Amino acid sequence: MGKSLTPAVLTVFGTCLLRIVWVYGVSPVWRGYDVLMMVYPVSWVVTGLLVLTAYWLFIRKKRLALN
């Protein structure tokens, strides 16, 4: 992307903060080991979508600047 701060912040949000929120927010409501372990694929998908969205916005902005 040419910019490292945006993907780094999004990755920290997706892998750290989202997991903490999941453990303290979702786990007490729906108990079970399987619900606790769902945090991994959920955080991977959310992080991936955030980074892909940031990439798409960056590419779009770059293309608009070239025109």
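Let me begin with helix α1, residues 5–26, and helix α3, residues 39–66, which pack with their axes 9 Å apart and at an angle of about 155 degrees. That makes α1 roughly antiparallel to α3, a term used for angles over 145 degrees. In passing α3, helix α1 makes a right-handed crossing, where the near helix is turned clockwise from the far one by less than a right angle.

This is a predicted model, in which local features need pLDDT of at least 70 and side-chain atom pairs count only at pLDDT 80 or more. Residues are numbered from 1 along each chain, and side-chain values use heavy atoms, with hydrogens and water left out.

On the α1 side, the contact (heavy atoms within 4.5 Å) is made by residues including Leu10, Phe13, Leu18 and Trp22, and on the α3 side by residues among them Tyr40, Trp44, Val46 and Leu50. The residues of this contact divide into 12 nonpolar, six polar and one charged, with Gly placed among the polar ones and Arg among the charged.

Turning to rings, the count comes to one aromatic pair, a pair being rings of Phe, Tyr or Trp (its six-membered ring) with centres within 6.5 Å. The rings of Tyr40 and Trp44 have centres 6.4 Å apart and planes at 45 degrees, so the pair is tilted, that is, neither stacked (under 30 degrees) nor edge-to-face (over 60). Both residues lie in helix α3, four residues apart, about one turn of the helix. Tyr40, at 34% relative accessibility, counts as partly exposed, whereas Trp44, at 55%, is exposed; exposed means over 50% relative accessible area, buried under 20%, and partly exposed in between, with a 1.4 Å probe and protein chains only.

Key: Axes are lines fitted to C-alpha atoms, for helices over the stretch in contact, and angles run from 0 to 180 degrees between N-to-C directions. Helices (H or I, at least four residues) and strands (E, at least two) are DSSP runs, numbered from the N terminus. Angles under 35 degrees count as roughly parallel, over 145 as roughly antiparallel, 65 to 115 as roughly perpendicular and the rest as oblique.
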